[in-house]
Amino acid sequence: MTSRNRRLTQKADIKRRAHGPPSFPREHCVVPGCRRPTQRSSSQGLSETYCKRHKEHLRTHGHEHRKSYSKAELVPFRKAAREWFMEHREDRAVQMAVRSLEGLMASQGKSKDAYHQRGMTPEAKARNTLARLHEAGKAAQTLLLIVLTIQAAHAELGPWGAPDWEAVQISKQAKRLRGAAGTHYPDAPSRYPRSEGLYLRHLGRMLAERASLGIGGDTIDHIRERARPSIKRPRPKPAPPRDDTVDELRRMQAFTAALRGGSWTVTARG
Ligand SMILES: [Zn+2]
């Protein structure tokens, strides 16, 4: 554990470097289509690859621009995962995974409240979240189902090439389970730990590691296949319907103009 003094020095040092003089020549964010300067080039942080906005997005969602899975996106995978689990819950490996997840939650001691969680290291925050889940009476199979759902959704929907995505998405689902999302104080507003940062990666990895005891080589493909028929994919926007009435009107106008022109010619000649 780092001492308080050392933590303060580190904090000041990061702050100083983050606001230090910009790098030269100016560099742009690597996200396709983004023209903003990198954090380093605009003295807004330490990243030499991303702008401030995309760096924040990466911290919160595990990908620089893809938003976290929506509830609607996960529904088919959740259903398929539950069906798979009902068929395999007696399997030795699945029971082992469930027991292991149970042990992980139960061995974290008493949880600290959301206010005190702010000052913890990322790993301690992750463990504190597990303690909260345990105190809220969450079942280990719920956590296993979350891991199965996210891994199957990821295999089918992507995004690819984002190493933290799966862990972050697993934690986001786990940490907001009813009754375990934050701390309620009798005479102050409830507090919820912010859903971002390294601790989400730690928590997701811990859960995935325990769950993997019960996940065979073809389990995820199985769930993914089963979910596939009910996946709603965003359809390309239909082209606006051709407005025939406008065309018709123009043709009529051209026709009457031609007629009038014709009759005018006739009158002029007469
Ligand atoms: Zn950017």
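Helices and strands here are DSSP runs, numbered from the N terminus. The model is predicted. Keep both points in mind as you move through the stops below.

**Stop 1: the whole chain**

Show the whole protein as a cartoon. There are eleven helices and two strands. Read from the N terminus, the order is α-α-α-α-α-α-α-α-β-β-α-α-α. The radius of gyration is 29 Å, well over the 18 Å that the globule rule gives for 270 residues, so the protein is more spread out than a compact globule.

Now colour by accessibility. Of the 270 residues, 37% count as buried. Take the contacts between residues at least 6 apart in sequence: 64% of them join residues at least 24 apart.

**Stop 2: the zinc ion**

Which residues coordinate the zinc ion? They are C29, C34 and C51, each through SG, and H54 through ND1. The distances run from 2.0 to 2.3 Å. The angles among the four donor atoms are 101 to 113°, and the site is tetrahedral. Along the sequence, the donor spacing reads C-x4-C-x16-C-x2-H.

S43 has 19% relative accessibility, and because the cut-off for buried is under 20%, it counts as buried.

**Stop 3: the main core**

Move on to the largest nonpolar core. It has 41 residues. Which helices supply at least two residues each? They are α3, α4 (92-106), α6, α7, α8, α9 and α10 (219-227). Helix α7 gives the most, with ten residues.

Centre on L144. Leaving aside neighbours within four places in sequence, L144 is in contact with F85, V94, V98, L101 and A211. Apart from this core lies another, of six residues, among them V31, C34, Y50 and C51. C34 and C51 are also zinc donors.

Next, select L145, in helix α7. L145 is buried, at 15% relative accessibility. Beyond its neighbours within four places in sequence, L145 is in contact with A81, R82 and F85. Draw a C-alpha to C-alpha distance from L145 to L198: they are 53 residues apart in sequence and 23 Å apart in space.

**Stop 4**

Follow the chain into the loop between α7 and α8, where P159 is found. The peptide bond from G158 to P159 is cis, with omega near 5°.

**Stop 5: helix α8**

Select residues 165-175, helix α8. How many of its eleven residues are buried? Ten are, so the helix is largely enclosed by the rest of the structure. The buried ones are W165, A167, V168, Q169, I170, S171, K172, Q173, A174 and K175. Show what covers them: the cover includes α2, α3 (71-88), α6 (122-135), α7 (140-157) and α9 (198-211).

**Stop 6: the aromatic pair**

Finish at W165, together with Y69. The count of aromatic pairs comes to one. How are the rings of Y69 and W165 arranged? Their centres are 5.2 Å apart and their planes lie at 90°, so the pair is edge-to-face. Y69 lies in the loop between α2 and α3, while W165 is in helix α8, so the pair ties together parts that are 96 residues apart in sequence. Check the accessibility of each partner. Y69 is buried, at 5% relative accessibility. W165 is buried as well, with a relative accessible area of 0%.

Terms used. Residues are numbered from 1 along each chain as its sequence is written. This is a predicted model: local features need pLDDT of at least 70, side-chain atom pairs count only at pLDDT 80 or more; totals for chains, interfaces and linings use all residues. Side-chain values use heavy atoms; hydrogens and water are left out. Donors are N, O and S atoms within 2.8 Å of the metal (3.2 Å for Na, K and Ca); water is not among the atoms, so sites may look incomplete. Four donors count as tetrahedral if all angles lie between 85 and 135 degrees; four count as square planar and six as octahedral if opposite donors are over 155 degrees apart and all others between 65 and 115; anything else is irregular. Buried means under 20% relative accessible area, exposed over 50%, partly exposed in between (1.4 Å probe, protein chains only). Helices (H or I, at least four residues) and strands (E, at least two) are DSSP runs, numbered from the N terminus. Contact means heavy atoms within 4.5 Å. A nonpolar core is a set of buried Ala, Val, Leu, Ile, Met, Phe, Trp, Tyr and Cys residues joined through side-chain atoms within 4.5 Å. Rings of Phe, Tyr and Trp (its six-membered ring) pair if their centres lie within 6.5 Å; planes under 30 degrees apart count as stacked, over 60 as edge-to-face and the rest as tilted. The radius of gyration is taken over C-alpha atoms; the globule rule is 2.2 Å times the number of residues to the power 0.38.
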